[in-house]
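Thanks for asking me to look this over. My notes follow as numbered points, and I hope they are handy to read beside the model.

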Amino acid sequence: MNLSHLLQAEELAEALVEGLRRELYLTPKPGLVDLWDNGSHRDLDLEMMDASIELIEEYQHRLLEALRRDAPLKTLVAIGQDAEVGMFKRFGTNTHKGAIFLCGLLVAAQARSGAREPAQLSAATAELAEEFFALGQVPPSHGKKVRQRFGRGGIILEALRGLPALFQTALPAWRDGIALCGDPAEAGFFVLARLMQQVEDTTALHRCGELGLARLRQDGRFLEAALSSGRSVRQHLTLLNEEYCQMNLTMGGVADLLGVAFGYLEYRGELKAEERAQRLPGMALPGGYVCL
Ligand SMILES: CC(C)(COP(=O)(O)OP(=O)(O)OC[C@H]1O[C@@H](n2cnc3c(N)ncnc32)[C@H](O)[C@@H]1O)[C@@H](O)C(=O)NCCC(=O)NCCS
Ligand SMILES: Nc1ncnc2c1ncn2[C@@H]1O[C@H](COP(=O)(O)OP(=O)(O)OP(=O)(O)O)[C@@H](O)[C@H]1O
């Protein structure tokens, strides 16, 4: 394995872990676990999700070690599957199933390609996903059931297309959010709003069918418009959270992609640069996380 490619992959892996934490701590988020509550997840809480991110960090170390010795894809997959099983054994539920897959795919694609630009990494990710899914069937899951029932692509199509939600939605949304809202916390919500409009989230479909997905789209549009016109969205997000809890609606795919986007922005140096340039509003938490 090319040493400089490997160093890039190590940096990316570290940044992605940070990104997942930033997603978890972004508050308030409708239906999702955050600093205030568990959203519509009776089986998850903040402490568990925090510990689950540590588990992803350990998984990344094992993955990087395998990449260092040029292990074949089937070894990388076995390491990913082990991480999934370990997560389920430890927490009794899927805390970060989607994130394990997305982070593993991105880090392996970065190590292989040494991509310097987002478009290159997107292409390398699509290529790797193609090989990954050619290896075998995805085991039964909620996502699989939903993909069959609603004819939606979910995480599989997202990966095969080279993560357009990350590279074509979230990255430009961050830059637009910074330009429009002027601060990193609100720009984070701007990215959330755009992802809600774009992602074929199978967790929303599983919980609430097409109506759930339509609701994410509608709320995402409203949030984007509110943020664009400089209005505060905190109260509205709190209200949405109450409604999502009543409906049992969530958006795990949006959350995973938001975490990965924060991580990739951190890796590119775009996140910290903005935070250094501006004083953070809201409640600043250790590590620079912000609660509106
Ligand atoms: C493909 C995987 C993730 C199965 O996904 P599936 O949709 O069948 O399962 P499930 O519904 O339980 O979980 C899907 C997860 O994806 C997230 N998600 C939902 N929709 C989307 C979407 N449109 N885009 C991205 N993520 C999404 C959700 O948060 C959820 O946690 C999988 O289990 C797998 O193959 N894991 C192996 C990990 C691995 O080998 N990694 C190494 C990579 S090199
Ligand atoms: N902050 C967050 N809060 C909740 N879920 C998140 C968060 N961040 C990421 N996620 C993702 O959402 C997924 C959880 O979704 P969900 O609990 O709906 O899936 P499930 O276990 O397949 O279904 P269910 O709980 O309906 O039986 C996690 O696996 C994780 O990948």
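**Notes on the two ligand shells and the surrounding chain**

1. Let me begin with ligand 2. At least two residues of the shell around ligand 2 come from each of α1 (3-25), α4 (97-113), α10 (202-228) and α12 (252-267). Helices here are DSSP runs of H or I with at least four residues, strands are runs of E with at least two, and both are numbered from the N terminus. The shell holds 23 residues, of which Leu32, Val33, Gly98, Gly252 and Ala255 come nearest. A residue is taken as near a molecule or strand if its C-beta atom, placed from the backbone, lies within 6 Å of it. Sorted by class, the shell around ligand 2 has 7 nonpolar, 11 polar and 5 charged residues. Ala, Val, Leu, Ile, Met, Phe, Trp, Tyr, Cys and Pro are counted as nonpolar, Asp, Glu, Lys and Arg as charged, and the others, Gly among them, as polar.

2. A word on ground rules. This is a predicted model, in which local features need pLDDT of at least 70 and side-chain atom pairs count only at pLDDT 80 or more, while totals for chains, interfaces and linings use all residues. Residues are numbered from 1 along each chain as its sequence is written, and chains are lettered from A and ligands numbered from 1 in the order in which they are written.

3. Now the confidence. pLDDT is the predictor's confidence in each residue, from 0 to 100; the chain has a mean of 93, and 94% of its residues reach 70 or more. For the complex, the predictor gives an ipTM of 0.96 and a pTM of 0.95. Please treat residues 280-284 separately: pLDDT stays under 50 there, and the model has 14 contacts beyond four places in sequence for this stretch. Two residues are in contact if their C-beta atoms, placed from the backbone, lie within 7 Å.

4. Ligand 1 comes next. It is surrounded by 30 residues, and the closest are Gly80, Gly98, Gly143, Gly252 and Gly253. α3 (73-91), α4, α6 (142-150), α7 (154-160), α10 and α12 each give at least two residues to this shell. Which helix supplies the largest share of the shell around ligand 1? That is α4, with 7 residues. By class, the shell around ligand 1 divides into 10 nonpolar, 13 polar and 7 charged residues.

5. Two packed helices are described by the angle between their axes and the distance between the axes. The axes of α4 and α12 come within 9 Å and cross at roughly 35°. Axes are lines fitted to C-alpha atoms, for helices over the stretch in contact, with angles running from 0 to 180 degrees between N-to-C directions. On the α4 side the contact is made by Gly98, Ala99, Leu102, Cys103 and Leu106, and on the α12 side by Gly252, Gly253, Asp256, Gly259 and Val260. These contact residues comprise 5 nonpolar, 4 polar and 1 charged.

6. Is Val33 buried or exposed? Val33 is buried, because 26 other C-beta atoms lie within 10 Å. The cut-offs are 20 or more other C-beta atoms within 10 Å for buried, 12 or fewer for exposed, and partly exposed in between, with C-beta atoms placed from the backbone. Val33 sits in the loop between α1 and α2 (46-68). Apart from neighbours within four places in sequence, its contacts include Leu24, His41, Leu46 and Met49.

7. That loop also contains Pro28. Two residues other than glycine have positive phi. Asp70, in the loop between α2 and α3, has phi near 55°, and Asp70 is exposed, with 9 other C-beta atoms within 10 Å. Asn248, in the loop between α11 (234-247) and α12, has phi of about 65°, and Asn248 counts as partly exposed because it has 13 C-beta neighbours inside 10 Å.

8. Finally, Leu135 lies in the loop between α5 (118-134) and α6. Leu135 counts as exposed, with 9 C-beta neighbours inside 10 Å. Beyond four places in sequence, Leu135 is in contact with Leu73, Lys74 and Val77.
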